[in-house]
Amino acid sequence: MSARAKFATAMLRTAATLSRVSGRGDGSVIGGRVGLTIEPRLLSMLASGRRVALISGTNGKTTTTRFTAAALEAAGPVATNSFGANMPTGHTTALAKARDAVNCVLEVDEHYLPQLLNDATPQVVALLNLSRDQLDRAMEVSGLAAKWREALSQAPDVPLIANADDPWVTWAAGASNNVTWVAGGQRWQEDSWVCPQCGKHLDRYGEFWRCVACGLTRPSPSWTIDGDVVVAPDGTRVPLDLRLPGQVNRANAATALAVASAFGVDMAAAGPRLTSVTSVAGRYAVVRRDGRRVRLLLSKNPAGWLEAFDMLEPRCPVVLALNAREVDGFDTSWIYDVDFSPVHGRRVLAIGDRRMDLAVRLQVNGIDFEVVEDISAAIEAVPPGDLEVIANYTAFQDIRAEFDRVN
């Protein structure tokens, strides 16, 4: 690295450290910003000569990145931003903080994937899913898929690990010459009833989908899931003993193992390491407060809420938290795309800045509920025992702060 790049890296680390010790954050964003201001090419320089995996999609990026980093640790230290900070500033900080790590796993905001394809020269890219998310501040699914397809067409030989069950991902990945397909699942299908290629109606038969007009069809996956086992392309069966709930996390684990395999990591060594992932930046964390066992689930969009409902323990009360700040998107109309019937029959408490919006939606769905002030009031309102919490992004961060930033 040049003297300028070395100085930029030193200033990056200093800024990140000052941010942490002053309690202003973990320093990932400000550190990267300082480094890139001094040397705009710093991200590319730090990635040079290293093996980089990029993980992108609307949902599941952070968890899949954590799983992938855990799997790759079987081959040595890993540089990763697996607690978030998924834009170039965070990527730069992650690479600078682990300079000795040859293997790198970077979670990438789906809008920044084209830039990272250029800057990070990845060895492999994992594409998880595409669905609507914060439409008042981001593009439609079709626009984002087209952006991905164009970027991938400029790098057609970069190996992809892609979700065969998502038509938008399949179409975007179709620009590549080198795709390994994973049965990653797609329980949320409301954004993919029409063909990404021609706009005609998609026919669906269980997990299989096809367009009879243009022929776009679900590819045959090489990596599949059989209960709690991931089946590799050569027939190797990798048992999963995950600490994270839900079918969606089994799919995330399958993608992580596929990435690890692309790095040459033995599945017998990689699989057991996924057990070490017990929470992800507070997601799935369990907190005990006043005789209650509180589990935290993050859901930022309709697809995420559908998956969160699938993870709820039977019969226990649930707190639903909704904010609408800048990083959430100010428009809360998306909650009308969420079917709240899975919480019918439970005790439901609504909190958050937009709890009255949530209350109206629950009433429309015929769900009995209570509106309370905050998470402390919700905990007081329920008897001792288990309590589930589902929150969108800033509401989730507020609750983590109440529990002293639990990880």
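This is a predicted model: local features need pLDDT of at least 70, side-chain atom pairs count only at pLDDT 80 or more; totals for chains, interfaces and linings use all residues.
Me: Which residue takes a positive phi just after α9?

Reply: Gly 264 does, with a phi of about 85°. Residues are numbered from 1 along each chain as its sequence is written, and side-chain values use heavy atoms, with hydrogens and water left out.

Me: What span does helix α9 reach from its first C-alpha to its last?

Reply: The expected span of a helix is 1.5 Å times one less than its number of residues. Helix α9 (residues 247–262) has 16 residues and reaches 23 Å, close to the expected 22 Å.

Me: Which residues of α9 are buried?

Reply: Buried means under 20% relative accessible area, exposed over 50%, and partly exposed in between (1.4 Å probe, protein chains only). The buried residues of α9 include Asn 249, Asn 252, Thr 255, Leu 257 and Val 259, and Ala 251, Ala 253 and Ala 254 are also among them.

Me: How many salt bridges does the count come to?

Reply: A salt bridge is a side-chain nitrogen of Lys or Arg within 4 Å of a carboxyl oxygen of Asp or Glu. By this rule the count is 19. One of them joins the side chains of Arg 218 and Asp 165, at 2.5 Å from N to O. Arg 218 lies in the loop between β8 (208–210) and β9 (224–226), and Asp 165 in the loop between β5 (160–163) and α8 (167–173), so this pair ties together parts that are 53 residues apart in sequence. Both Arg 218 and Asp 165 are buried.

Me: Where do Arg 295 and Glu 388 lie?

Reply: Arg 295 forms a salt bridge with Glu 388, and their closest N and O atoms are 2.7 Å apart. Arg 295 belongs to strand β13 (residues 292–298) and Glu 388 to strand β17 (residues 385–391), so the pair ties together parts that are 93 residues apart in sequence. Arg 295 is buried at a relative accessible area of 8%, and Glu 388 is buried at 2%.

Me: Which side chain meets that of Glu 370 in a salt bridge?

Reply: The partner is Arg 347, at 2.6 Å from N to O. This pair links distant parts of the chain, 23 residues apart: Glu 370 is in strand β16 (residues 370–371), and Arg 347 is in the loop between β14 (318–321) and β15 (348–351). Glu 370 is partly exposed, with a relative accessible area of 28%, and Arg 347 is partly exposed, with 33%. Elsewhere, salt bridges that share partners join Arg 4, Glu 39 and Arg 41 into one network.

Me: How is a pair of aromatic rings described?

Reply: Such a pair is described by the distance of the centres and the angle of the planes. Rings of Phe, Tyr and Trp (its six-membered ring) pair if their centres lie within 6.5 Å; planes under 30 degrees apart count as stacked, over 60 as edge-to-face and the rest as tilted. The count here is six aromatic pairs. Trp 168 and Trp 171 form an edge-to-face pair, 6.5 Å centre to centre with 80° between the planes. Both lie in helix α8, three residues apart, about one turn of the helix. Trp 168 is buried at 8% relative accessibility, and Trp 171 is buried at 13%.

Me: Which residues lie nearest the centre of the largest pocket?

Reply: On a 1 Å grid over the protein atoms alone, a cavity is a set of points where a 1.4 Å probe fits but cannot get out, and a pocket is an open set with protein on both sides within 12 Å along at least five of seven lines; lining residues have an atom within 4 Å of a point. The largest pocket is lined by 45 residues, of which Phe 83, Gly 84, Ala 85, Asn 86 and Tyr 393 lie nearest its centre. The largest share of the lining of this pocket, five residues, comes from α5.

How values were computed
Helices (H or I, at least four residues) and strands (E, at least two) are DSSP runs, numbered from the N terminus.
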